[in-house]
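Look at the chain below before reading on.

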Amino acid sequence: MSGLRIGVLGAGHFGRFHALKVAGNPRATLAGVHDRDGARAASVAKEAGAGALDWPALLEASDAIVVATPAETHYAMAAEALQAGRHVLVEKPIAATLEEADALAALAAGRGLVLQVGHLLRYSAEHKAISSRMRRPLYIDCVRIAPFKPRGTDVSVILDLMIHDLDLVLSLVESPIASVDAVGAPVASAHEDIANARVRFENGCVATITASRISLKTERKMRLFSQEGYMSVDFGSRKLMMIGRERGLPIPGTGGGRIEETTWKEHDALEAEHAAFAASILDGAPVLVDATAGRRALAAALAVTASMEESRARAEASGLIQKE
């Protein structure tokens with residue numbers, strides 16, 4: 001196949017970026033853009049140098065579809081595209097339920113189609129910086145907080161923000177989840193806007209993840225430790241510090257301890273994601289974030305949600321929080 005034609009379904013915040021990346025991809029052509037808001041679709045399509053098409057016409061004009069619609073529609077739209085024989089890049093989360101995720105995986109496998117899930121951090125320089133240094137984490141602490149924005153509040157902060165760190169943790173810990181203990185609360189929207197989860201894995205690793213979209217500042221940090229050493233990461237300043245025995249300058253008086261302080265130069269992760277999508281379709285390259293990875297991230301997010309609902313019920317029963 002040459003001249004890969006990719007259509008973008010959804011012209012919202014991320015849909016616009018997807019359309020621009022497809023338009024700039026030397027291995028692809030933007031077949032068109034569709035959105036239920038026709039004016040928005042026309043604006044994004046014009047900016048990206050393509051046409052605004054209705055959904056049947058976009059399917060007909062495309063070899064592959066990027067699904068960047070609201071989260072609750074991911075399954076229906078991705079399934080329709082796969083059933084039409086189109087490769088699919090679906091934004092995270094892959095679907096709303098594990099059954100839907102399994103159905104999408106089966107559709108893609110049965111038709112020999114590429115199904116890639118948009119967990120963008122897997123393509124980032126920060127992911128490589130961490131995973132190349134910390135291979136067997138025993139404890140991980142993640143904090144992701146940001147000011148409130150109406151965009152994304154159609155789902156809880158778990159599926160909006162925390163799922164990124166859940167996927168990052170899952171990519172570092174190759175073990176099934178043993179248990180989850182979570183708590184959260186809606187503050188500015190109808191869904192939880194702040195949440196904390198403690199995830200224990202069967203291999204003994206523990207991860208604590210905090211996400212908030214009602215904070216006064218933006219902050220993303222991670223701390224990890226293992227037998228390999230201790231790592232502190234500040235994603236905002238792109239700084240990583242690791243104390244261990246393999247890298248960096250010797251630390252006097254520690255019996256062989258070393259400290260490494262480094263930064264990374266971020267590349268365009270969305271561009272890398274689209275390059276990988278094209279390579280999987282055109283070259284048969286392995287799909288880095290496939291349906292299995294998307295399902296695992298969704299399963300973790302749903303486990304956090306279930307635990308959070310149990311915690312909320314206990315808090316309401318005790319009077320700690322008031323029922324709405």
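Contact here means heavy atoms within 4.5 Å. By that rule, Ile 130 touches Leu 172, Met 222, Leu 224, Met 231, Val 233, Phe 235 and Leu 240, not counting residues up to four places away in sequence. This is a predicted model, in which local features need pLDDT of at least 70, side-chain atom pairs count only at pLDDT 80 or more, and totals for chains, interfaces and linings use all residues. Residues are numbered from 1 along each chain as its sequence is written, and side-chain values use heavy atoms, with hydrogens and water left out.

**Terms for the elements**

- Helices (H or I, at least four residues) and strands (E, at least two) are DSSP runs, numbered from the N terminus.
- Buried means under 20% relative accessible area, exposed over 50%, and partly exposed in between, with a 1.4 Å probe and protein chains only.

**Nonpolar cores**

- A nonpolar core is a set of buried Ala, Val, Leu, Ile, Met, Phe, Trp, Tyr and Cys residues joined through side-chain atoms within 4.5 Å.
- The largest nonpolar core has 43 residues, and Ile 130, Ile 140, Met 162, Met 222, Leu 224 and Val 233 have the most contacts inside it.
- Helix α7 gives the most to this core, with 11 residues.
- A second, separate core has 28 residues, among them Trp 55, Met 77, Leu 107 and Leu 115.
- In soluble globular proteins, nonpolar side chains tend to be buried together.

**Helix α7 with helix α9**

- Axes are lines fitted to C-alpha atoms, for helices over the stretch in contact, and angles run from 0 to 180 degrees between N-to-C directions.
- The axes of α7 (residues 157-172) and α9 (residues 291-318) come within 9 Å and cross at roughly 120°.
- α7 and α9 are therefore oblique to each other; angles under 35 degrees count as roughly parallel, over 145 as roughly antiparallel, 65 to 115 as roughly perpendicular and the rest as oblique.
- The crossing of α7 and α9 is right-handed; a crossing is right-handed if the near helix is turned clockwise from the far one by less than a right angle, and left-handed if anticlockwise.
- On the α7 side the contact includes Ile 158, Met 162 and Leu 166, and on the α9 side it includes Ala 297, Val 304 and Met 308.
- By class, the contact of α7 with α9 has 12 nonpolar, 1 polar and 2 charged residues; Ala, Val, Leu, Ile, Met, Phe, Trp, Tyr, Cys and Pro count as nonpolar, Asp, Glu, Lys and Arg as charged, and the others, Gly among them, as polar.

**Helix α1 and its partners**

- Helix α1 (residues 13-23) packs with helix α2 (residues 38-48) at an angle of about 30°, with their axes 9 Å apart.
- α1 and α2 are therefore roughly parallel to each other, and their crossing is right-handed.
- Their contact includes Leu 20 of α1 and Val 44 of α2.
- The residues of the contact of α1 with α2 divide into 5 nonpolar, 1 polar and 3 charged.
- The axes of α1 and helix α8 (residues 269-283) come within 10 Å and cross at roughly 60°.
- That angle makes α1 oblique to α8, and α1 passes α8 in a right-handed crossing.
- Phe 17 of α1 and Leu 270 of α8 are among the residues that make this contact.
- The contact of α1 with α8 has 3 nonpolar, 2 polar and 3 charged residues.

**Buried residues**

- Met 134, in the loop between α6 (125-131) and β6, is buried, with a relative accessible area of 1%.
- Met 134 and Glu 228 are 94 residues apart along the chain, and their C-alpha atoms are separated by 6.9 Å.
- The residues that Met 134 touches include Leu 172, Leu 224 and Glu 228.
- Asp 141 is found in strand β6 (residues 139-145) and is buried at 13% relative accessible area.
- Asp 141 touches Thr 208, Lys 221, Met 222 and Arg 223, leaving out residues up to four places away in sequence.

**Loop residues and backbone**

- Most residues other than glycine have a negative phi, and most peptide bonds are trans.
- The peptide bond from Lys 92 to Pro 93 is cis, with omega near -5°, and Pro 93 lies in the loop between β4 (87-91) and α5 (98-111).
- Arg 238 is not a glycine, yet has a positive phi of about 55°.
- Arg 238 sits in the loop between β11 (229-234) and β12 (239-244) and is partly exposed, with a relative accessible area of 39%.
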